[in-house]
Amino acid sequence: MKKIVQKLKRTWRFWTPKKAERYVHNRLKKMLTETKIRYAVDSLSNDIQFSFVDDQQKGYAFHLSTSSKTHLCMYVVFSIDLNPESYDRICHLSQMFNDHLAGMVVRLEMDKRRLTMYNELPLDYCHVNDEIIAERLYTMNRFSRDIVWAFDKLMHTEEQAVFVFAEMVERSREEVEN
């Protein structure tokens with residue numbers, strides 16, 4: 001019976017696409033509340049923002065937006081101090097992440113000394129399939145931890161990007177196995 005009700009809800013959402021933006025926005029807030037993640041809603045743009053910080057005060061902030069009315073846009077802004085003298089190594093590592101990430105893009109803005117990861121999902125698809133939002137947020141969070149670690153290591157050592165990336169991949173495999 002529960003599956004039938006769930007399928008009826010999905011069908012109803014499919015036939016009411018104009019409500020997608022509000023539904024997805026409310027679903028995001030509910031999901032974050034259920035997982036006990038503290039978030040803020042921007043009063044002007046209605047964007048949802050939350051952040052994570054590790055023990056060494058290195059972190060990243062998520063920005064979720066439905067303002068395009070067609071896509072759920074997810075940005076992750078990293079608090080990494082990018083050294084312009086390491087530009088070639090930074091670009092190389094960014095490109096390695098872009099090759100590795102499916103459906104996500106790491107953007108490098110050296111003029112602002114900022115690194116961001118971007119992803120978007122069609123709003124109507126998110127409206128019909130709640131699980132895709134949680135899955136994508138989980139994936140982005142997992143990759144964000146790897147990005148913070150790899151760029152921090154790159155900035156504090158003289159290692160080449162390929163070796164830092166290989167070490168990060170090995171670290172990730174060990175975490176999955178444990």
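**Figure 1. Ile-147 within helix α5.** Ile-147 is located in helix α5 of this predicted model. With a relative accessible area of 0%, Ile-147 is buried, because buried here means under 20%. Leaving aside residues up to four places away in sequence, Ile-147 touches Phe-78, Ile-80, Phe-97, Val-106, Leu-115 and Met-117.

Figure 2. Six strands form an open sheet in the order β1-β2-β3-β4-β6-β5, and their pairing is antiparallel. The edges are taken by β1 (40-41) and β5 (105-109); each has a single partner strand, so one side of each lacks a neighbour in the sheet. Strands of a sheet are held in pairs through backbone hydrogen bonds, and such pairing may be parallel or antiparallel.

**Figure 3. Strands β5 and β6 with helix α3.** Five bridges connect β5 with strand β6 (residues 114-122), and the two strands pair in the antiparallel sense. Within this pairing, Arg-107 has Thr-116 of β6 as its bridge partner. Helix α3 (residues 87-100) lies across β5 and β6 and runs at about 160° to β5.

**Figure 4. Strand β3 and its two partners.** Strand β3 (residues 59-65) is largely enclosed by the rest of the structure, because five of its seven residues are buried. Strand β2 (residues 48-53) is joined to β3 by six bridges, and the two run antiparallel. Here Phe-52 has Tyr-60 of β3 as its bridge partner. Strand β4 (residues 71-78) also pairs with β3 in the antiparallel sense, over six bridges. In that pairing, the bridge partner of Phe-62 is Val-76 of β4. The hairpin of β3 and β4 has five residues between the strands, and Lys-69 in this hairpin takes a positive phi near 70°.

**Figure 5. The two sides of helix α2.** Helix α2 (residues 20-34) contains 15 residues and reaches 21 Å from its first C-alpha to its last, close to the 21 Å expected at 1.5 Å a residue. Its buried residues are Ala-20, Val-24, His-25, Arg-27, Leu-28, Met-31 and Leu-32. These residues cover an arc of only 160° around the axis, which means that they lie on the same side of α2. The elements covering them include β1, β2, β3, β4, α4 (123-128) and α5 (131-156). On the other side of α2, Arg-22 and Glu-34 are exposed. Lys-36, which follows α2, has a positive phi near 60°.

**Figure 6. Asn-119 in strand β6.** Asn-119 lies in strand β6. Its relative accessibility is 1%, so Asn-119 counts as buried. The side chain of Asn-119 makes a polar contact with the side chain of Arg-136, at 3.2 Å. Not counting residues up to four places away in sequence, Asn-119 touches Leu-72, Cys-73, Met-74, Gly-103, Met-104, Arg-136 and Met-140.

Terms used. Residues are numbered from 1 along each chain as its sequence is written. This is a predicted model: local features need pLDDT of at least 70, side-chain atom pairs count only at pLDDT 80 or more; totals for chains, interfaces and linings use all residues. Side-chain values use heavy atoms; hydrogens and water are left out. Two strands pair if DSSP finds at least two bridges between them. Helices (H or I, at least four residues) and strands (E, at least two) are DSSP runs, numbered from the N terminus. Contact means heavy atoms within 4.5 Å. Axes are lines fitted to C-alpha atoms, for helices over the stretch in contact, and angles run from 0 to 180 degrees between N-to-C directions. Buried means under 20% relative accessible area, exposed over 50%, partly exposed in between (1.4 Å probe, protein chains only). The expected span of a helix is 1.5 Å times one less than its number of residues. The arc is that of the directions from the helix axis to the C-beta atoms. A polar contact is a pair of N or O atoms within 3.5 Å; within protein, one must be able to donate a hydrogen and the other to accept it, and residues adjacent in sequence count only if both atoms are side-chain atoms.
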